[in-house]
Amino acid sequence: VATLFRSPASAATTMACAMAAGGGCSPVGAQLARGLMRLWHAQTVGGEGGGVRSGSSHTLGAAAAGAPHAAVAAALRNVLAFSASAKRAAAEAAFTATLLRTAARAQRLAVLEGAVEVAADEAANSGGGRGNKLGAFGGRASSKPSYSSPSPPPSPPPLALPPDIVLLECVTLLKHILYCPPAAAATAAAAAAAAESSARTGASEGNCAGASELPEALGAATAAARTDAMAHGMVPAMHCLWRHALSDPVIAHELLGAAANLFAGCAAAKAAAVEDGDGGDGSRPASLGARLLRLAFRNTSPTTITRLALAPLASLAGEPTSRKWLLRSPFIVKVL
């Protein structure tokens, strides 16, 4: 499946062949997405994929549950990228909301695992004797328990896979849900303009794009996916993931790609990107645009990260509020 949906052309050929062969009442992209979403959720989170609203009550078979997870993830992301009906099925299943919740859970678990490892290392490197324990500022650490500090929040339930893998896959799947091939985006824009012109002139044309796999349907489904992501807090989620992504180049690569796909053609996302947001890491609140600007032009950023950060920054020019912010920022000076 991942190979058949590896590009817009191969995906279109696959879906056309399935339709000609009698793919049933539901488009093949939607059928594949529903099964793959449940299977992915069962393999990463656990259970029978119940976190995805699929409208089906059947349980996963042993053969499906034992499918190689890497193949499942690759197939799902490709289907979601190039199939309009798969994007619509993801919206019906609230899959974007599921991915955002799972990413937050995986990030919390990854942070807790890191804290446990740091504490273990510090304990191993300490003197070991009670009289040799030092406080944070070099003084003797008190052996009395402290009751004034608040208790840490409870740990989320464990995942079926390591949290860093789950976090990366969540961000990657979000990036692919929000992706639209340039040709499909252009076709969808032309179709929208034609529909608006027809509405002004009073002409009526049959429009079956909402139930097809045509390029204009893919563009429309992607636009709806971006709106859905904004409604479920995609921009605040990126603020929370930012600090974690800076320490992991692979997650940073996927998160920047997701930002570029979200901003493309979504005015609400562009406007939200220039509003200050709290990452929940104790640092000063900043806008997503400011975070991208610092990442793009800091001396330690690799060339690939700089290019990826510049893409969503450049797209901010397409909306009045974000364009005004961009012109007032150091972006122009640094680029020139």
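How many helices and strands does the protein chain have? Then look closely at the aromatic pairs: how many does the count come to?

Modeller: The protein chain has 16 helices and 2 strands. Helices (H or I, at least four residues) and strands (E, at least two) are DSSP runs, numbered from the N terminus.

Some ground rules come next. This is a predicted model, so local features need pLDDT of at least 70, side-chain atom pairs count only at pLDDT 80 or more, and totals for chains, interfaces and linings use all residues. Residues are numbered from 1 along each chain as its sequence is written, and side-chain values use heavy atoms, with hydrogens and water left out.

How far can you trust the model? The pLDDT is the predictor's confidence in each residue, from 0 to 100. The protein chain averages 81, and 76% of the residues score at least 70. Confidence is highest in helix α7 (residues 163–177), at a mean of 96. Confidence is lowest in helix α3 (residues 62–65), at 57. Residues 128–150 have a pLDDT below 50; beyond near neighbours in sequence, this stretch has 10 contacts in the model. A contact means heavy atoms within 4.5 Å. Residues 201–210 are also below 50, with 6 such contacts.

Now the burial of the chain. Buried residues make up 42% of the 336 residues. Buried means under 20% relative accessible area, exposed over 50%, and partly exposed in between (1.4 Å probe, protein chains only).

On to the aromatic pairs. Rings of Phe, Tyr and Trp (its six-membered ring) pair if their centres lie within 6.5 Å. Planes under 30 degrees apart count as stacked, over 60 as edge-to-face, and the rest as tilted. By this rule there are 2 aromatic pairs.

W40 is buried because its relative accessible area is 0%. F95 also has 0% relative accessibility, so F95 counts as buried.

The other pair is F82 with Y179. This pair is edge-to-face too: 6.0 Å centre to centre, 85° between the planes. F82 lies in helix α4 (residues 69–82), and Y179 lies in the loop between α7 and α8 (182–201), so the pair ties together parts 97 residues apart in sequence. F82 is buried, because its relative accessible area is 12%. Y179 is at 28%, so Y179 counts as partly exposed.

Go back to helix α2 for one more residue. Helix α2 (residues 28–44) also holds Q43. Q43 has 13% relative accessibility, so Q43 counts as buried.
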